[in-house]
Amino acid sequence: MRFFTSDTHFNNEESLIRSKRPFKNAREYDKKTIRMWNKQAKKGDTIYVVGDFLDCDNEKDESWKKALGYFKKIKADIVLILGNNEERVIKYFFDDNFEKFAQVLKDCACKSVYKDLQIEIGGIMFNLVHECVNTKKDIINLFGHVHNICGLYKPCGINVSCDLSHFKLYTENDILYYVEEKKRYWDVDENIQFLK
């Protein structure tokens, strides 16, 4: 089974405040979120994290290093799509060398790392990319970055931020359900058309 999420920002106190996450501190958030994931996704499953698994604000921020250990705590395989925070880690700590960063993540038990990725779910092609500005036309995008700001649906695709799912993983069936809702209602409801 495949699962989807984004913007976990593990080991980061500020994301709890900015996204109003209902946890006392980052330690509690990290522990409960990983426990919830391990109940949903088992060994042999894959979790696609569509950016910002970890957090890095600047060249002095090394809090991301602790989050690397979380890959081994998660039962399912993690496939990471780069988010802006991973891009900062690459810039500040890996001399802009994507391959070097990807190898470190693989050494920490991350299955693979991509800048973006296209996959098929239920006969439908999806593009996984972190930021809305990088989405592709003529394909449904699964994106993150905006947390809960714009809601679940945008004309470019579906927001898989963990803030919208109460930190649970989206399943393939969830994604297909949203695609059907998009076709049947969101794309044709004149009350929603102004959002486009």
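**Exercise 1.** In this predicted model, find the polar contacts of the His 145 side chain and describe its surroundings.

*Solution.* 
Step 1. Start with Asn 84: its side chain makes a polar contact of 3.1 Å with the side chain of His 145.
Step 2. Now look at His 130, whose side chain is joined to that of His 145 by a polar contact of 3.3 Å.
Step 3. Compare sequence with space. His 145 and Asn 84 are 61 residues apart in sequence, while their C-alpha atoms are 8.0 Å apart.
Step 4. Leaving out residues up to four places away in sequence, His 145 also touches others, including Ser 6, Asp 7 and Glu 131.

**Exercise 2.** Is His 145 buried, exposed or partly exposed?

*Solution.* Buried means under 20% relative accessible area and exposed means over 50%. His 145 has 29%, so it counts as partly exposed.

**Exercise 3.** Classify the ring pair Phe 10 and Phe 53, and say which parts of the chain it ties together.

*Solution.* 
Step 1. Ring centres must lie within 6.5 Å to pair, and planes over 60 degrees apart count as edge-to-face.
Step 2. Here the centres are 5.0 Å apart and the planes are at 75°, so the pair is edge-to-face.
Step 3. Phe 10 is in the loop between β1 (2-5) and α1 (13-18), and Phe 53 is in the loop between β2 (46-50) and α3 (64-68), so the pair ties together parts 43 residues apart in sequence.
Step 4. Check burial: Phe 10 is buried at 0% relative accessibility, and Phe 53 is buried at 0% too.

Technical notes. Residues are numbered from 1 along each chain as its sequence is written. This is a predicted model: local features need pLDDT of at least 70, side-chain atom pairs count only at pLDDT 80 or more; totals for chains, interfaces and linings use all residues. Side-chain values use heavy atoms; hydrogens and water are left out. Rings of Phe, Tyr and Trp (its six-membered ring) pair if their centres lie within 6.5 Å; planes under 30 degrees apart count as stacked, over 60 as edge-to-face and the rest as tilted. Helices (H or I, at least four residues) and strands (E, at least two) are DSSP runs, numbered from the N terminus. Buried means under 20% relative accessible area, exposed over 50%, partly exposed in between (1.4 Å probe, protein chains only). Contact means heavy atoms within 4.5 Å. A polar contact is a pair of N or O atoms within 3.5 Å; within protein, one must be able to donate a hydrogen and the other to accept it, and residues adjacent in sequence count only if both atoms are side-chain atoms.
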